[in-house]
Amino acid sequence: MQKYVINGGKPLFGEIEISGAKNAAVAIIPAALLVDGVCRIENVPQISDVTLILRILEELGADVRLLNKNTVQIDSRHITSCHVPDELSRKMRASYYLIGALLGRFGQAVVSMPGGCDLGTRPIDLHVKSFEKLGARVDVVSGYVHATAPKTGLHGATIYMDQASVGATMNTMMAAARSTGLTIIENAAKEPHIVDLANFLNSMGADIMGAGTDVIRIRGVGQLHGGAYSIIPDQIEAGTYMAAVTATGGDVLIKNVIPKHLDCISAKLVEMGAKVEEIGDCVRISRSGPLKRVNVKTMPYPGFPTDMQPQISACLTIAEGTSVVTEGIWENRYRYVAEFRRMGAQIQVDGKIAVIEGVSKLSGAPLMACDLRAGAAMVIAGLAAEGTTDIGCIHYIERGYENLVEKLRGVGADICLVEDEDEEAQHKIEAV
Ligand code: EPZ
């Protein structure tokens with residue numbers, strides 16, 4: 001077991017290069033199953049969720065080769081199984097994309113109910129409703145989702161999403177890409193990774209229009225061909241480092257981003273006292289003055305992203321005045337609050353609302369990451385705090401951040417990865 005040890009209180013200066021987007025990669029890699037050919041996917045982040053989804057594809061019979069650190073080649077011409085084993089799929093939420101991809105290509109999928117970070121109940125009813133609208137039969141038996149297309153294959157349909165679900169929108173796009181006829185998704189989610197998946201599929205011969213708006217039209221095509229595609233930069237990784245600079249002060253050039261994707265995050269950080277400047281495919285962020293309070297409500301894109309809520313809350317713990325944070329997507333995304341309180345933060349949570357009274361400083365403390373973005377927020381709090389912060393359970397953070405320690409050290413942070421003997425001991429005790 002490893003942990004991060006952070007000696008906080010240092011402003012950050014320099015440059016950080018952003019990796020490919022996790023939530024695009026974990027959809028585009030399964031989408032390669034829809035292709036009768038070889039896909040070369042570039043700008044793939046080296047994170048544990050990607051390692052896991054690639055392993056699942058290999059288990060299904062795909063030929064997966066790492067051409068270099070961030071480029072993967074996937075040949076799905078000789079898939080041998082449509083059954084995704086439980087021990088792999090329950091480790092990540094995005095394993096639900098295997099249902100849409102396998103159903104869309106082979107007319108059948110057996111996938112264990114997805115796992116992932118605990119952010120509250122995470123149903124997949126909207127995914128199931130969409131597959132059924134396309135003509136599939138879907139049953140949940142002994143923890144597995146069994147989806148089967150009719151003999152004639154999936155057919156186009158008009159699907160109204162009760163809620164603008166990211167996963168259900170992308171899954172429907174995958175299942176419909178090779179169906180017969182026209183599928184229209186209304187009230188579709190609009191996140192950048194939805195546009196990225198549509199661009200990937202279109203570059204392989206699909207016919208998808210309107211991704212990025214709330215109406216997506218998918219005209220099914222008989223086949224998809226191989227090709228090369230580069231994944232967009234990670235909006236949330238960029239936002240996390242921007243929040244870190246806002247919390248610690250300093251001046252950092254965040255490279256390889258799509259600045260438009262960051263507008264919803266930049267706007268809040270500027271309101272808090274940061275300065276953000278767009279320079280081509282970079283943003284420069286600095287803060288030297290006081291941190292000011294803001295109110296934040298998380299919403300679907302282009303609103304403020306839920307995946308940045310813990311990180312901005314970390315900044316608000318040391319802002320002047322009282323801030324109100326409202327979580328608009330997940331029911332259980334404040335599990336990090338107890339850890340922040342150990343550092344001296346003043347936060348009251350009532351349901352989806354957190355009231356944060358800024359304190360003049362946080363003090364370093366031993367913490368445990370409890371999910372991916374909560375863990376990232378603890379890193380930010382540790383960087384801004386006085387003294388030493390240890391963060392355990394970093395496997396959550398490694399699900400979504402490539403080379404976090406190296407990137408932060410590159411801008412002057414005092415953070416390192418060390419073996420966590422205590423945690424190991426703790427695990428032994430629990431095992432007994
Ligand atoms: C995606 O999750 C992301 N995960 C999440 O990223 C992100 O928090 C979320 O979108 C919202 O932006 C991946 O892309 C792998 P949803 P997803 O379906 O698709 C409800 C991170 O930190 N809902 O848009 O699972 C649901 O309960 C993470 O990187 C249903 O009711 O989210 C939630 O309240 C974690 N029924 C809301 O919709 C369904 O069938 C939005 O969920 C599906 C969702």
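Asn-403 is placed in the loop between helix H13 (395-398) and helix H14 (404-409). Helices here are DSSP runs of H or I with at least four residues, strands are E runs of at least two, and both are numbered from the N terminus. Asn-403 is not a glycine, yet has a positive phi of about 50°. Asn-403 counts as partly exposed because its relative accessibility is 34%; buried means under 20% relative accessible area, exposed over 50%, and partly exposed in between, with a 1.4 Å probe and protein chains only.

Before going on, the basis. This is a predicted model, in which local features need pLDDT of at least 70 and side-chain atom pairs count only at pLDDT 80 or more, while totals for chains, interfaces and linings use all residues. Residues are numbered from 1 along each chain as its sequence is written, and side-chain values use heavy atoms, with hydrogens and water left out.

Back to the backbone. Asn-187 is another non-glycine residue with a positive phi, near 60°. Asn-187 lies in the loop between strand E11 (182-186) and helix H7 (192-203), and it counts as partly exposed because its relative accessibility is 22%. For context, most residues other than glycine have a negative phi, and most peptide bonds are trans.

Where is the cis peptide bond that joins Tyr-301 and Pro-302? Pro-302 is in the loop between strand E18 (296-297) and helix H10 (309-316). The omega of that bond is about 10°.

H10 itself is largely enclosed by the rest of the structure, because eight of its eight residues are buried. Among them are Gln-309, Gln-311, Ser-313 and Cys-315.

Helix H4, residues 97-106, is mostly covered, with nine of its 10 residues buried. The buried set includes Tyr-97, Gly-100, Gly-104 and Arg-105. Just after H4 comes Gly-107, with a positive phi of about 80°.

Gly-382 belongs to helix H12 and counts as buried, because its relative accessibility is 0%. Gly-382 and Ile-6 are 376 residues apart in sequence, but their C-alpha atoms are 6.1 Å apart in space.

Now the ligand. The ligand sits in the largest pocket. A pocket is defined on a 1 Å grid over the protein atoms alone, as an open set of points with protein on both sides within 12 Å along at least five of seven lines. A molecule sits in a pocket if more than half of its atoms lie within 2 Å of the pocket's grid points.

Which residues come nearest to the ligand? Of the 23 around it, they are Tyr-96, Asp-125, Leu-126, Ser-165 and Asp-307; a residue counts as near if one of its heavy atoms lies within 4 Å. The shell divides into nine nonpolar, seven polar and seven charged residues. Helices H1 (22-31), H5 (125-133), H6 (166-176) and H12 (372-384) each supply at least two shell residues, and H5 gives the most, with three.

As for polar side-chain atoms, one of Tyr-96 lies 2.7 Å from a ligand oxygen. For Arg-333 the corresponding distance to a ligand oxygen is 3.2 Å. In Asn-23, an N or O atom of the side chain is 3.2 Å from an oxygen atom of the ligand. Taken alone, the ligand exposes 840 Å², and the protein buries 92% of that, with areas from the Shrake-Rupley method and a 1.4 Å probe.

Technical notes. A polar contact is a pair of N or O atoms within 3.5 Å; within protein, one must be able to donate a hydrogen and the other to accept it, and residues adjacent in sequence count only if both atoms are side-chain atoms. On a 1 Å grid over the protein atoms alone, a cavity is a set of points where a 1.4 Å probe fits but cannot get out, and a pocket is an open set with protein on both sides within 12 Å along at least five of seven lines; lining residues have an atom within 4 Å of a point. Ala, Val, Leu, Ile, Met, Phe, Trp, Tyr, Cys and Pro count as nonpolar, Asp, Glu, Lys and Arg as charged, and the others, Gly among them, as polar.
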